Amino acid sequence: MFSDGVVRLVEKGVITNTRKLLHPGKIVVGSFLGSQELYKWANDNAQCEFHRQEYVNDPFVIAQNEKMSLLIPP
């Protein structure tokens, strides 16, 4: 989930998603909540890739990105 603050961070270049191994360059979204500006920004935005919550929150999916495998217990 994300809100308006993410938009500002993307626009300032703080969030780029370029280091992701899975869905590089994309903001993987299960849901978002915020202002009308957020909804306008996300509508048909090629940076946003919407998936079901079961996928977005799956630790085995998350672990496919670098430095995230520590989340999975051995």
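Predicted model: local features only at pLDDT ≥ 70, side-chain atom pairs only at ≥ 80, totals over all residues.

Biologist: Okay, is Asn45 buried or exposed?

Modeller: Asn45 has 14% relative accessibility, and the cut-off for buried is under 20%, so Asn45 counts as buried.

Biologist: And what does its side chain talk to? Which backbone nitrogen lies 2.8 Å from a polar atom of the Asn45 side chain?

Modeller: That's the backbone nitrogen of Gln47.

Biologist: Zooming out, how many helices and strands does the protein chain have?

Modeller: The count is 4 helices and 2 strands. Reading from the N terminus, the order is α-β-α-β-α-α.

Biologist: What does the C-alpha trace span along its principal axes?

Modeller: About 45 × 25 × 20 Å. The chain has 74 residues, and buried ones make up 26% of them.

Biologist: Now the inside. Which residues make the largest nonpolar core?

Modeller: There are 11 of them: Phe2, Val6, Val7, Val10, Ile27, Val29, Phe32, Leu38, Trp41, Ala42 and Cys48. As background, nonpolar side chains tend to be buried together in soluble globular proteins.

Biologist: Pick one. What is Leu38 in contact with, leaving aside its neighbours within four places in sequence?

Modeller: Leu38 contacts Phe2, Ser3, Asp4, Val7, Phe32 and Leu33.

Biologist: Phe32 keeps coming up. Where does Phe32 sit?

Modeller: Phe32 is in the loop between E1 and H2. Its relative accessibility is 17%, so Phe32 counts as buried. Beyond its neighbours within four places in sequence, Phe32 is in contact with Met1, Phe2, Leu38, Tyr39, Ala42 and Phe50.

Biologist: How many residues apart in sequence are Phe32 and Asp4?

Modeller: 28 residues, and their C-alpha atoms are 8.8 Å apart in space.

Biologist: And Leu33, is that one buried or exposed?

Modeller: Exposed, with a relative accessible area of 53%. Leu33 lies in the loop between E1 and H2. Together with Met1 and Tyr39, Leu33 makes a nonpolar surface patch of about 350 Å².

Biologist: Where are Asn17 and His23?

Modeller: Asn17 lies in the loop between H1 and E1, and His23 is found in the loop between H1 and E1 too. Asn17 is at 17% relative accessibility, so Asn17 counts as buried. His23 comes out at 18%, and on that basis counts as buried as well.

Biologist: What's around Asn17, skipping its neighbours within four places in sequence?

Modeller: Asn17 contacts Pro24, Gly25, Lys26 and Ile27. A polar atom of the Asn17 side chain lies 3.5 Å from the backbone oxygen of Lys26.

Biologist: Last topic, charges. How many salt bridges does the count come to?

Modeller: The count comes to 1 salt bridge. The side chains involved belong to Arg52 and Glu54, at 3.3 Å, N to O.

Biologist: Are Arg52 and Glu54 buried or exposed?

Modeller: Arg52 is exposed, and Glu54 is exposed too. The general idea is that side chains of opposite charge can pair when their charged atoms come close.

Conventions
Residues numbered from 1 in each chain as written. Heavy atoms only, no water. Core = buried A, V, L, I, M, F, W, Y, C linked by side-chain atoms within 4.5 Å. Buried < 20%, exposed > 50% of the residue type's maximum accessible area, 1.4 Å probe, protein only. Contact = heavy atoms within 4.5 Å. Salt bridge = Lys/Arg side-chain N within 4 Å of Asp/Glu carboxyl O. Patch = residues over 30% accessible without salt bridge, like charges linked within 9 Å, V, L, I, M, F, W, Y side chains within 5 Å. Areas by Shrake-Rupley, 256 points an atom, 1.4 Å probe, with all protein chains shown as cover. Polar contact = N/O pair within 3.5 Å; in protein donor to acceptor, adjacent residues only side chain to side chain.
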